[in-house]
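Morning, everyone. I'll talk through salt bridges today. Have a look at this first.

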Amino acid sequence: MMDLVRTILTIFEIKETPSFPAYFEWALTHSSYANENGTISYERLEFLGDSIIGFVIAYRTFELFKDMTEGELAKIKAVVGSEMVLSELSKEMGLADLVLIGKSLNAAQPDELDSIYADVFESTTAAFFLNFGFDKTFEMLSKFLSERIEDVANKKIFFDYKTILQEYTQERFTTLPEYMMIEESGPAHRKKYTFEVSINGQIYGRGSGRSKKSAEQLAAKMAYERLKSL
């Protein structure tokens with residue numbers, strides 16, 4: 001476990017010894033692994049981390065863009081705090097490579113695990129907060145999120161991949177993409193949805209998320225990126 005914790009601290013450029021190192025291990029443990037191995041999953045930590053991240057994004061956006069309306073600020077917060085952006089951060093930082101998943105997910109493609117990678121960014125944030133306090137957590141999140149906030153404000157990051165994909169497929173195939181929900185799982189308070197998107201009957205993307213909208217957006221993103229690479 002200590003090797004795992006040291007790796008996380010290296011990612012965050014922290015030299016201090018954490019008071020509660022087990023939090024970092026739990027923060028990387030998906031429920032599928034926890035159920036198979038009788039350990040603790042990241043779900044409670046994710047709940048806390050989600051709120052901390054939301055606050056930091058809101059505050060940083062409020063400070064950076066003093067002339068923006070409430071609606072404009074809310075849109076930036078929604079995009080920067082989305083599964084799409086947080087999962088990309090997890091992969092860039094190396095957190096995604098450390099996630100402990102159960103055997104049932106071993107065959108999943110990396111893009112199908114994006115919702116988990118986003119969860120892990122949130123849960124690891126909570127573990128960081130519980131070990132090092134709010135000031136250092138604010139500093140850490142500001143470092144990783146400020147560039148994303150600026151990029152969204154300057155329209156360098158797009159969230160509405162469904163619209164982008166629709167425009168692309170109309171131009172290239174003279175048809176519209178079709179979305180189909182292929183899986184719905186989890187308890188009522190914590191649903192997970194998986195959607196596939198097809199064009200002319202061929203599947204180009206799949207996405208999973210905590211809402212139907214986010215799952216469709218992730219599927220559209222995968223499809224658009226695959227089509228652009230062909």
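E216 is buried, at a relative accessible area of 16%. Buried means under 20% relative accessible area, exposed means over 50%, and partly exposed is in between, using a 1.4 Å probe and protein chains only. This is a predicted model: local features need pLDDT of at least 70, side-chain atom pairs count only at pLDDT 80 or more, and totals for chains, interfaces and linings use all residues. Residues are numbered from 1 along each chain as its sequence is written, and side-chain values use heavy atoms, with hydrogens and water left out.

Back to E216. Its side chain forms a salt bridge with K162, 2.8 Å from N to O. By salt bridge I mean a side-chain nitrogen of Lys or Arg within 4 Å of a carboxyl oxygen of Asp or Glu. E216 sits in helix α9 and K162 in helix α8 (residues 161–173), 54 residues apart. Helices are DSSP runs of H or I, at least four residues, numbered from the N terminus. K162 is partly exposed, at 26%.

How many salt bridges are there in the whole structure? The search finds 11.

Next, K221 and E88. They pair at 3.2 Å, N to O. K221 is in helix α9 (residues 212–229), E88 in helix α6 (residues 83–93), 133 residues apart. K221 is buried at 10%. E88 is partly exposed at 25%. Shared partners join E88, K221 and E225 into one network.

Last pair: E92 and R148, 2.6 Å, N to O. E92 lies in helix α6 and R148 in helix α7 (residues 114–153), so this bridge ties together parts 56 residues apart in sequence. E92 is exposed at 55%. R148 is buried at 11%.

Methods
Helix = DSSP H or I, 4+ residues; strand = E, 2+ residues; numbered from the N terminus.
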